[in-house]
Amino acid sequence: MRRLNVALAERSYPILIGGGLLSRGDEILAHLRTPRIALVSNTTVAPLYLDFLARGLEKVGVGITPIILPDGEAHKTWESLNLIYDALLVARCDRSTTVVALGGGVIGDLAGFAAATYQRGVPFIQIPTTLLSQVDSSVGGKTGINHPRGKNMVGAFWQPKLVLADTDTLRTLPDRELSAGMAEVIKYGLIRDLPFLEWLEANMDGLMARDGELLAHAIECSCANKAEVVAADEFETAKDGGRALLNLGHTFGHAIETGMGYGVWLHGEAVAAGTLMAAELSRRLGWLSHADVERIRTLLVRAGLPVTAPDLGAARYLELMSHDKKVIAGSLRLILLKALGAAVTSADVPQEKIVAAIAACCGE
């Protein structure tokens, strides 16, 4: 088992990574106020792992209230959030009850937002079961739901007490979901860790073949990078850089998700296409070379990710991007690359260059 720490003073918490962790009820019990949890999962993950997790918890005397939601990004809504509230109220869960998320990013975001707001805040634990959630969404305390006008526009910062990433759950992950998670893994190399990017280039074939040791190393490196960024800028308030750098490709990617309809493109797929848009824009600003952009494109393709964005039209992209959470006083801040392994925040990019980069990366 690999153990990392997210250093946030009194809100610090461990990240555990390894195989067989779902059976470690003792690790979960150590982070509970009382031996009772409300476990939020979905109709895909629960049949695979709920009983197995429950057996481990029952061995250490933990009672479970299961809350099973429909699966998919299209259900990251007020309606699903209310289903969680209803179940918590019916079960008479109080402030000592810990909400546990068992699933991917959608479940983690929904359960975390419910935990942040139920009775003004109850404890929360993340048990991510997808690569994307293990390397990104489960770490850092961002929770929320989608709005028809923008992704993740309603939410709260609410740090978990524990992140438990069982790599065995990746065995049942569909190939498309594995690729989607790899987009976030590649992001860490691009924004701040060139040696990790080079390691990914050398080991991508093994990662996509689901080599357990390689995947565990990639998850550990990704979480270590994110933990450092979050510890330095928990609430994304740094004016330059900081936690915002974790959003490389996300401004373009969120526009794709919203414009196409939530769930049509997986989050990681949209981020991949958005990352290439950001790279192309960085090239047009004179920061990356053509060879750098092709290097990024090649790695994304090897990871099974799309590198051509849907042609929504430049005007539609700009309109959707104007709702991005990084917009400040009407100014859109984009995360771009000064070099491979070095991301920057830029708020003064000429619109014609943004339009040109969008056009260069769009297909049918």
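There are zero disulfides in this structure, and keep in mind that the model is a predicted one.

**Cysteines**

- A disulfide, for reference, is a covalent bond between the sulfur atoms of two cysteines.
- Cys-221 takes part in no disulfide, and its nearest cysteine sulfur belongs to Cys-223, 9.7 Å away.
- Since buried means under 20% relative accessible area, Cys-221 counts as buried because its relative accessibility is 18%.
- Cys-93 counts as buried too, because its relative accessibility is 3%.

- Strand 5 covers residues 98–103, and six of its six residues are buried.
- In a regular strand, side chains alternate between the two faces of the sheet.
- Here, Thr-98, Val-100 and Leu-102 point one way, while Val-99, Ala-101 and Gly-103 point the other, and all are buried.
- On the strand 3 side (residues 36–42), strand 5 is joined by four bridges, and the two run parallel.
- Look for Leu-39, whose bridge partner in strand 5 is Val-100.
- Strand 6 (residues 124–128) also runs parallel to strand 5, with five bridges joining them.
- In that pairing, Val-99 sits opposite Phe-124 of strand 6.
- To get from strand 5 to strand 6, the chain passes through helix 4 (residues 105–117), making a right-handed β-α-β crossover.

- Strand 1 (residues 2–6) runs antiparallel to strand 2, and five bridges join the two.
- Across that pairing, Arg-3 stands opposite Leu-16 in strand 2.
- Six residues lie between the strands in this hairpin of strand 1 and strand 2, where Ala-9 takes a positive phi near 55°.
- Strand 2 also pairs with strand 9 (residues 162–166), in the parallel sense and over four bridges.
- Leu-16 turns up again here, opposite Leu-164 in strand 9.

**Helices 9 and 10**

- The axes of helix 9 (residues 250–260) and helix 10 (residues 267–284) come within 7 Å of each other and cross at roughly 135°.
- That angle is why helix 9 counts as oblique to helix 10.
- As for handedness, the crossing of helix 9 and helix 10 is right-handed.

Conventions. Residues numbered from 1 in each chain as written. Predicted model: local features only at pLDDT ≥ 70, side-chain atom pairs only at ≥ 80, totals over all residues. Heavy atoms only, no water. Disulfide = S-S within 2.5 Å. Buried < 20%, exposed > 50% of the residue type's maximum accessible area, 1.4 Å probe, protein only. Pairing = 2+ DSSP bridges. Right-handed = clockwise from strand over helix to strand, strands pointing away. Axes fitted to C-alpha atoms, helices over the stretch in contact; angles between N-to-C directions. Parallel < 35°, antiparallel > 145°, perpendicular 65-115°, else oblique. Left-handed = near helix turned anticlockwise from the far one by under 90°.
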